[in-house]
Amino acid sequence: MDTDQVIGVKGLTKRFAAVTAVDGLDLDVRRGEVFGLLGQNGAGKTTTIQLLLGLTVPDAGDVAVLGLPLASRRREILARVNFSSAYVAMPSNLTVLENLTVFALLYGVRRPRKRIMELLELLEIPDTARRVCGGLSSGQLTRANLCKALINDPELLFLDEPTASLDPAIAAKVRRTLKQIRQERGVTLVYTSHNMREVEEMCDRVVFLRQGRAAAQGSPAQVRQQAGRASLEEVFIDLAEQGRG
Amino acid sequence: MWLRVWALFLRYVYLHKRSVVRTMEIFFWPVMNLLLWGFVSKYLGRLAGPGTVTYLLGGVVLWDLLYRSQHAVSLSITEEFWERNIVNLFAAPVRPVEIVLAACGVGFVRALVMTVSSAFIVYAAFGFNILAMGPSLGWFYLSLLVFGWAVGLFTMGLIFLFGRAAEGLIWGIPFLIQPLTAVFYPVDVLPAWLQPVALCLPSTYVFEGMRAALAHGTAPLDLLLRAAAGNGVFLVLGGVFFAWTLERVRVKGALARQAME
């Protein structure tokens, strides 16, 4: 068994009626790396994350996460994984502390209060602990959601557009924190974003999805080089235009 | 397992702690309903005799118990859709049975609070003592609570299956049951062709038992046993249907899509 492989995907396929959202995708994500899942809206990024979390059942293909088969050992995997998305929220009428307490208990965290306060300090929002989530700014809310995503000290973290709707200063702070967490804890990150400069800054390797297939794969430098372009943004635009053509 | 059930239960404790509106909701509708039916019963009591008051008020209190139990279970999952938290829950190592147990626990507490407060109100305002139902009252409470859970599971399943467009069913489904289950009148008032349908519902035996208990101080054992057996069947059916719909939304990839509707 390859102990350095955190995600191993072979021939992953998901169809919704006449649309094939993910089409025979192969992925190999290594321990401790930041892996970018990129593509236009509708390219299959979110569906791929849902498939990797077992929220959606694939039509074909094998998925192994942390060396375990997802189909048969999903709960065991989910206890060691976490997830944050710009499109998913914690209940707005509970305080940050209450929400994080609930999730700490769901993930079986020992000494939840201590863990929560550590994370709030790490993300520089300790003063939000007793404020309801519905009253936070989008920057504070994103960081509170990241606290939830880190509550179980995950080995693998899925981040679906973690800096969407943040101002550049807060987005930079979030990126710094993610880098720090990765460095200190060796957590593997699967990252989606439409901000290609951010992707070049954060990701060790990327895959560009187009119509559910891997259209380009490698380190950002390799992908740029293969496409003969100066930036990932140009590669993104090329692939998007090819998709339309 | 129990730690996760407690966590999900705690989430609703926090919700009620933070939301005066949600907490008042436990009392407001039952109280309004009781007052309305209390005055109607009083008037009917003048026309038809005092027994009418006890049957109607007993029916109102017990019906609300069933209604609130179903409500609490179905609303618990709908709340997660409203808050866009459903994906967070299903991406955590939580079993569906843990979600169901927590929802049933919330239903138990809400129904208990509602029944106790209703009992005080009907006694203070209309002189109706719910304890006049005798020892069978405990059995009625449990039967209606469990049937409420079963209907709640079925409603939750429909919400998963059809998305948030089906939310109206939370309030609508109990009113499909109400005319059939002989809350305010005996089963033999129903047309002959409808009576077998009424007798398929465990709650029908509870309301028939309630009238017997109010008339004679105790409910016939066979009614209580039929209610228990019916509840067993409905609870299993509700659980199986809920599990089936959960699997179906995973196959259809509908969970996240519904959460974002």
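## Reading sheets, cysteines and a surface patch

Modeller: Let's start with chain A of this predicted model. Six of its strands form an open sheet with mixed pairing, in the order 6-7-8-3-9-10.

Colleague: Which strands are the edge strands?

Modeller: Look for strands that pair on one side only; here they are strand 6 (81–85) and strand 10 (213–218) of chain A. While you're tracing the order, note the twist, which averages 15 degrees from one strand to the next.

Colleague: In which sense do strand 3 and strand 8 of chain A pair, parallel or antiparallel?

Modeller: Parallel: strand 3 (residues 34–38) and strand 8 (residues 188–192) of chain A are paired over three bridges. To find your place, go to A:Gly36, which stands opposite A:Tyr191 in strand 8.

Colleague: And how do I read strand 1 of chain A? Which way does it run relative to strand 2 of chain A?

Modeller: Now the case here. Strand 1 (residues 5–16) and strand 2 (residues 19–30) of chain A run antiparallel, joined by eight bridges. A:Val9 sits opposite A:Leu27 of strand 2. These two strands make a hairpin with two residues between them, and A:Ala17 there has a positive phi near 55 degrees.

Colleague: How many bridges join strand 1 to strand 4 of chain A?

Modeller: Five, and strand 4 (residues 60–65) of chain A runs antiparallel to strand 1. One pair to check is A:Gly8, whose bridge partner in strand 4 is A:Ala64.

Colleague: On to the cysteines. How many disulfides does the structure hold?

Modeller: The general idea is that a disulfide is a covalent bond between the sulfur atoms of two cysteines. Over all chains, this structure holds zero.

Colleague: Is A:Cys147 buried or exposed?

Modeller: Buried, with a relative accessible area of 0%. Over in chain B, B:Cys104 also counts as buried, at 8% relative accessibility.

Colleague: Which residues make the nonpolar surface patch of about 490 Å²?

Modeller: B:Phe108, B:Val109, B:Leu112, B:Val113, B:Val116 and B:Phe120 make it. Take B:Leu112 as a way in: you'll find this leucine in helix 5 (residues 96–126) of chain B. B:Leu112 has a relative accessible area of 37%, so it reads as partly exposed.

Notes
Residues numbered from 1 in each chain as written. Chains lettered and ligands numbered in written order. Predicted model: local features only at pLDDT ≥ 70, side-chain atom pairs only at ≥ 80, totals over all residues. Heavy atoms only, no water. Disulfide = S-S within 2.5 Å. Buried < 20%, exposed > 50% of the residue type's maximum accessible area, 1.4 Å probe, protein only. Patch = residues over 30% accessible without salt bridge, like charges linked within 9 Å, V, L, I, M, F, W, Y side chains within 5 Å. Areas by Shrake-Rupley, 256 points an atom, 1.4 Å probe, with all protein chains shown as cover. Salt bridge = Lys/Arg side-chain N within 4 Å of Asp/Glu carboxyl O. Helix = DSSP H or I, 4+ residues; strand = E, 2+ residues; numbered from the N terminus. Pairing = 2+ DSSP bridges. Axes fitted to C-alpha atoms, helices over the stretch in contact; angles between N-to-C directions.
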